[in-house]
Amino acid sequence: MIPTQVEYHRPKTIAEALELLQKFGEDAKILAGGHSLIPAMKLRLSTPAQLIDIANIPDLTGIDDEGDHIVIWAGAKHGEIASSYTIKEHLNMVAEAAGMIGDVQVRNFGTIGGSLAHADPAADWPAVMIAADATFVIASTSGERKVAAADFFQGLFMTDLNEGEILTQIHIPKPPAGTKSTYEKFVQPASRFAIVGCAAMSDPDCNVRVAFAGVSSKPFRDTGIEEALAGDMTASSIEAAANKAAEGVSVMSDHFASEKYRRHIAKVYAKRALMKLV
Amino acid sequence: MTFIGKSVKRVEDKRFLTGKGRYTDDIKLPGMTHAVIIRSPHAHARILNVNTSKAEALPGVVKIFTGKDVAELNGVPCGWQVDFKNGDTMKEPPHKLMVADKTRHVGDAVAMIIAETYAIAKDAADMVVVDYDEMKAAINMREAIKPGAPLVHDDVPNNICFDWELGSDKAEVDAAMAASHHVTTLEFINQRVIPNAIEPRSAIGHYDTANDRYTLYTSSQNPHLIRLLLCAFVLGLPEHRVRVVSPDVGGGFGSKIFHYTEEALVVWASNQIKRPIKWTAERRESFMTDAHGRDHVTKAEMGFDADGKMTALRVKTLANMGAYLSTFAPCVPTWLHGTLLQGLYTTPKVHVDVTAVFTHTTAVDAYRGAGRPEATYLLERLIDTAALEMKMDPAELRYKNFIPAFDGVKQEGYTTQVALQYDSGNYEPVLKRALEMVGYADFRKEQEQARKDGRLLGIGFSTYVEACGIAPSAVVGALGARAGLFESAHVRVQPTGKVSVYTGAHSHGQGHETTFAQIVADKFGIPLEDVILEHGDSDSVAFGMGTYGSRSLAVGGSAIVKSIEKVIEKGTKIAAHLLEAAETDIEFAEGKWTVKGSDKSVGFGDVSLTAYVPHNYPEGLEPGLDFSSFYDPANFTYPFGAHIAVVEIDKETGKVDLKRFVAVDDVGNVINPMIVDGQIHGGVAQGIGQALFEGAIYDEDGQLVNGTYMDYTMPRADDLPMFEVDRTVTPCPHNPLGVKGAGEAGCIGSTPAVANAVMDALSPYGIFDLEMPLTPERVWTAMQNSDAVV
Ligand SMILES: Cc1cc2nc3c(=O)[nH]c(=O)nc-3n(C[C@H](O)[C@H](O)[C@H](O)COP(=O)(O)OP(=O)(O)OC[C@H]3O[C@@H](n4cnc5c(N)ncnc54)[C@H](O)[C@@H]3O)c2cc1C
C-alpha cells in the first residue's frame, strides 16, 4: 500500500494554494485531512503528480458567528465542529452529525471541506448541509462564487467544483430561535459511514426540512416528506409522512442493505428523526 | 506459590505498548530488496502471456520471476492426509509457488517483482501486463460437486478432495433416528470468515553466500514446522543450514500456522539474486491469501425420546477446502470437527459424514477453534431449536443429557462414539453458575413482560466441550498427520542463578513470556525477573510444533516442567554434596535445598554457581545446569463451559443489540487469571463476530466482494457488552500442570449462544433458523416474511 510518486506542496495562504492549483492544472490534487484521498492514493485509484496540502492554511480553519449566519471554514475538522459551542447552540444536527463521523482519528484529521468536495454518497456532511440550507463559497484565481448546497452535489463523487477551485467557506443561515434539529444515522457496520442518514430541522412554526445521506447516489432533500407533514408534527402525521421517504428517488443497493431494506430504513429513520423534533 | 494463579502483568507488554515490538517487517538487512507479488484478478483463468519487459526496464528493478521460473520447483505440501471412505488416496493437487498455466482463485500468485525499494516494486507491478482467458468458476460447493461443474484441478473429478465418515454404525444411527419421538433438523451454512490478524503476513528470505546458510524471517505461529516443510518438501535444502525466525507476531488466529508459498519464494529467490528479499502483504492481500476459516454446508439431525433424552445425531457436511490444500486443511472438518460431535451429552448413536470440496476460492484451514466451533454451533443450535420445537426449557434439556461428572482419576475418562476419550469433566456446575449469573428465572419473567410491551428479548445457551493440547503424536499419526505434535523445552540455569527458557511453543500474542516465567519462577522459588523466555528462533530453540489448538501451556508448559524437574534433581545432588548429607535427606522448596529437619540449606544461586564452578563437586557428576526435554502428551485435554447471550432486537430495523454475555469456562488449572480472562474475552468477541457481523462474500465469478475493512465487518468494542466471566476448575489428570487450554474456548462457545438468543427473541414469529451473520437486513426480512402477528 504505497502511492505513486508525488510532489508535495504546503502553501501558507489560500491565494498561494490557488496559484499552485492554477499552475499544475489537472496534475494537482488538494490534500486536506487526507482521510479520503490518501486511502485512494494508496490503492492507486487516485494518482496525482502534485499534492497541495491546505490543512495548515490558518485562514482556512475556524468557525465564525457572523450574526445572521455561521461560517464554517472548509479546513475545520469534524471534531472541532462537533465540540463548537456556536454550532451546538444554533445547529444541533451539525454537531451531532460531526460527532458520528468515523472514529476519533478520522474526526481529528478529516475536514468538512474535504468531505463535501469528495461527495461520497454515504458521507454525512452533504445531507446535513442540504437540510441546513447552506451556501458554499468557492474560490479560484479568478475570484469567488457561491453555490447552494442543494445544487453543489451532482452525483456519485461528483460536485460543481471545477479544476482550479477550492471550497473555502460554508455559510449556514442561523435558524430562528426555538428551532430544533437532529441527525439520525443507521451505520454501515464496517466503515461506519451512513447506510441511511437523516438530517431534520423544524422551526417554531413547524417549517420542516429533511435530507438524506446514504440512500441515493447523491444526497437529497426529501420534499415528499416535508409536504406530507404540512406543518403537522403530531405522531400520526409524522408516521404517515415518514412513509413517503425517498419516494420517486432511485435507491442504492449493496451487500449491507438492499434497495428494499434501505427504503425501509429511510422511513424508520425519518420517523425517528422527526419524532425527536416534537 | 508466589506466581502461579496470580494475575501477573504481562512482561511483554512493555515493548508492545511502547511501540518497541519487533515484527518481521521491522527488520532491515543490509542490501535487502523488496518484493511485490502480482496476483490474479480472476478466480479461474488461463494465463496466456505475462509481459514483464516494461517493468524490467524500470530503474531499480532487480529481477522479475514468473510462474514459469518456479515450474520445476515443488509446491507447498499438505501436512495431513485424509483418505476416501473406500480407501482411495486423498486428492492432493500441487500448490505451486506461483502459477504458470492457470489461476485458481482471486489472489493466486502470477509473478514476483524484486526491486531496490518497495515503491519501485509497486510501480513496476503496475507495468506488468498479464493476458488472461477467463473461465467459469466453481464457487458454491453444492454446485461445484455436480457433474459438469468447472474443475479447479483437471485431475480431481467433481472437485471432491476426499469423503470421510466417523461414528457409530450408520444403519444403527438411521434406525435410532427413525425410532425417535422427535427429530430436529437444521440445514445451514457455517459461513467462511477471514482471520484478520492485525499484523499482515511478512517474510524475509536471506541467502548468506559466504556461509552457505539460509535465514527465513516470517510472521508465523509455527517456525520449526515451516523449516521442516521448506527443507524437506519444497526446496530440498539441508535443514542444518536453514534458520527460521518468527520474531514478534501480531496475531494469527490460525492463519499463520501454515506454510505459505511466499515463504518459500523469498528463500528460493534470495539465492537466485544473492541478496535478502522482503515481502509484506498489503491488507488486501491478507484478505485474499491468508487461509480462511469455517465454510461448511451442513445438514444435521438430532433425535430425542419423549423425555427429551437424545437418541441419535446424524450429520452430513460439505467442507470447503478452497483452491489448494493448505497445511492442515483436511484435518479441520474431519478429526477436529467430527470427533467433537458427541459434545458433552450422552447421545448413544452419532454418525458424521464429510465431503471435502475444492472451489475457486482462497484456501480454508484452521481458524481459532478449528472444527470445534463448527461442531459446537451445530450441536447447540440443534438443542435450542429442539427446545423451542418441543416446548422444553433449553437449560433443562441440557441437564437431562449431560455426561455425569468424571475426574479421570477416580472415574475413568469418558469414551465417546466418535473416537475420543475425554480426560475429565463436570458439566452441570458451569451451566448452573452461568444461569445464576444471568438470573435466568427473572429473565424469563422480564422476557414475558417485554413481549407484552412489544419488545423482542431473547436468551441463548451454549454448552461446549472441546479438545485442546494437540496431541499425542502416535494418535495423530494414525489419523493422518504427517508430523508429530509434541513440544520441546530447554531450561538453562546460568551460573548466577538466572534462568533462560527456550520453548518450542511460539507466542503470537498469548503472553507466554509471562505465564511460562510464572511457572519457572515458582518451581525454582526465584524472582520472576530472573526468568527469561526465548521462542521463535530455530537456531536457539531445539524444536517446536508451534502454537495453535490451545496447546502451548498444556504441551509446551509441560515440557518446561519436565526440564525444571531435571534441574531440581541434579541440583539436589549438588546440594547434598555441599551440605554433606544424603540426597534422600534433602528437600527443595522456595528456592533452597534443605536438610530435612534442620536449618542447614543452600540456595538456588549457590547451587547454580557450583554447577559451573565445580571445585567442590560430587564425583562423577557433569558440570552445568542445563536440561532440555520433549513432552508428548498422553491425551488431548478437554476444556468445557457454558455461555449465555441476551439480546434485544429492534423490531423496526432488525438490528440485534447484544445486551449481556455470560461465560463460565473450565480450562483446568489457571496459571494467570488475567491472561485467561483476556483469552476468553478475545475469543468471545471473535465468536460474536461470526454470529453477528463477519463473513466472506464471494460473487459467482469468485470475486471477494468484501475484501477490505470498509466492507468486511469486524466486531468492535462498542458492538459488545461488558463480558461477565467466571470459571470452575476441573484439572486435567494427565499433564503435570493440570491445565487444559483457553485460547479458543471463547470462540467455540459464543457463536451458537448468540445465534440461539436471536432465535429465542424471534420465536414469536415462528422463526427457528437464520443464516449467519445475523445482520439487521436478514433478521428484518425474516420478520417481514413471517405470517405471525407479533
Ligand atoms: C475509517 C474512516 C471512517 C470514516 N467514516 C466516515 C463517516 O462515518 N462519515 C463520513 O461522512 N465520512 C467518513 N469518513 C471520511 C472522512 O470524513 C474524510 O475525512 C472526508 O471524507 C474527507 O475529508 P478530508 O479532509 O480527509 O479530505 P481529503 O481526503 O484530504 O480530500 C478528499 C477530496 O476532497 C478534495 N478536497 C479536500 N478539500 C478540498 C477543498 N477545500 N476544496 C476542494 N477540494 C477539496 C481533495 O482533493 C480530495 O479529492 C471516514 C474516513 C475514514 C478513513
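**Notebook: the A–B contact and selected sites**

I began with the contact between the two chains, to which chain A gives 24 residues and chain B gives 25 residues; contact here means heavy atoms within 4.5 Å. I note that this is a predicted model, in which local features need pLDDT of at least 70 and side-chain atom pairs count only at pLDDT 80 or more, while totals for chains, interfaces and linings use all residues. Residues are numbered from 1 along each chain as its sequence is written, chains are lettered from A and ligands numbered from 1 in the order in which they are written, and side-chain values use heavy atoms, with hydrogens and water left out.

**Entry 1. Interface**

The size of an interface is often given as the accessible area lost when the parts come together. I looked up this value: chain A and chain B bury about 2100 Å² between them, with 52% of it on carbon and sulfur atoms. Buried area is the accessible area (1.4 Å probe) that two parts lose on being put together, summed over both.

I then asked how many salt bridges the rule finds across the interface of chain A and chain B. There are seven, a salt bridge being a side-chain nitrogen of Lys or Arg within 4 Å of a carboxyl oxygen of Asp or Glu. One of them joins Arg44(A) to Asp123(B), with the closest N and O atoms 2.8 Å apart.

On the side of chain A that touches chain B, helix 12 (residues 259–275) of chain A gives the most, with eight residues. Helices (H or I, at least four residues) and strands (E, at least two) are DSSP runs, numbered from the N terminus. I sorted the residues of this side of chain A into 13 nonpolar, six polar and five charged. Ala, Val, Leu, Ile, Met, Phe, Trp, Tyr, Cys and Pro count as nonpolar, Asp, Glu, Lys and Arg as charged, and the others, Gly among them, as polar.

**Entry 2. Strand 10 of chain A**

I found strand 10 (residues 166–173) of chain A largely enclosed by the rest of the structure, because seven of its eight residues are buried. Buried means under 20% relative accessible area, exposed over 50%, partly exposed in between (1.4 Å probe, protein chains only).

Strand 10 of chain A pairs in the antiparallel sense with strand 5 (residues 69–73) of chain A over five bridges; two strands pair if DSSP finds at least two bridges between them. There, Val71(A) has His171(A) as its bridge partner. Strand 6 (residues 135–140) of chain A also runs antiparallel to strand 10 of chain A, joined to it by five bridges, and Ile138(A) stands opposite Leu167(A).

**Entry 3. Backbone exceptions in chain B**

Most residues other than glycine have a negative phi, and most peptide bonds are trans. I looked for departures. The peptide bond from Ile470(B) to Ala471(B) is cis, with omega near -5°, and Ala471(B) lies in the loop between strand 18 (456–465) and helix 13 (473–478) of chain B. Met772(B) and Pro773(B) are also joined by a cis peptide bond, with omega about -10°.

Asn159(B), not a glycine, has a positive phi of about 60°. Is Asn159(B) buried or exposed? Asn159(B) is buried, at a relative accessible area of 1%. Phe253(B) has a positive phi as well, near 55°, but Phe253(B) is partly exposed at 28% relative accessibility.

**Entry 4. His535(B)**

I located His535(B) in strand 21 (residues 531–535) of chain B; His535(B) is buried at 14% relative accessible area. Its side chain makes a polar contact of 3.1 Å with the side chain of Glu513(B).

**Entry 5. Salt bridges within chain B**

Over all chains, the count comes to 65 salt bridges. In one of them, Glu380(B) meets Arg398(B), with the closest N and O atoms 2.8 Å apart. Glu380(B) lies in helix 9 (residues 372–390) of chain B and Arg398(B) in helix 10 (residues 394–401) of chain B, so the pair ties together parts that are 18 residues apart in sequence. Both Glu380(B) and Arg398(B) are buried.

I also noted Asp760(B) and Arg444(B), whose side chains meet in a salt bridge (3.2 Å, N to O). This pair links distant parts of the chain, helix 18 and helix 12 (residues 440–452) of chain B, 316 residues apart. Asp760(B) is buried, at 8%, whereas Arg444(B) is partly exposed, at 23%.

Terms used
A polar contact is a pair of N or O atoms within 3.5 Å; within protein, one must be able to donate a hydrogen and the other to accept it, and residues adjacent in sequence count only if both atoms are side-chain atoms.
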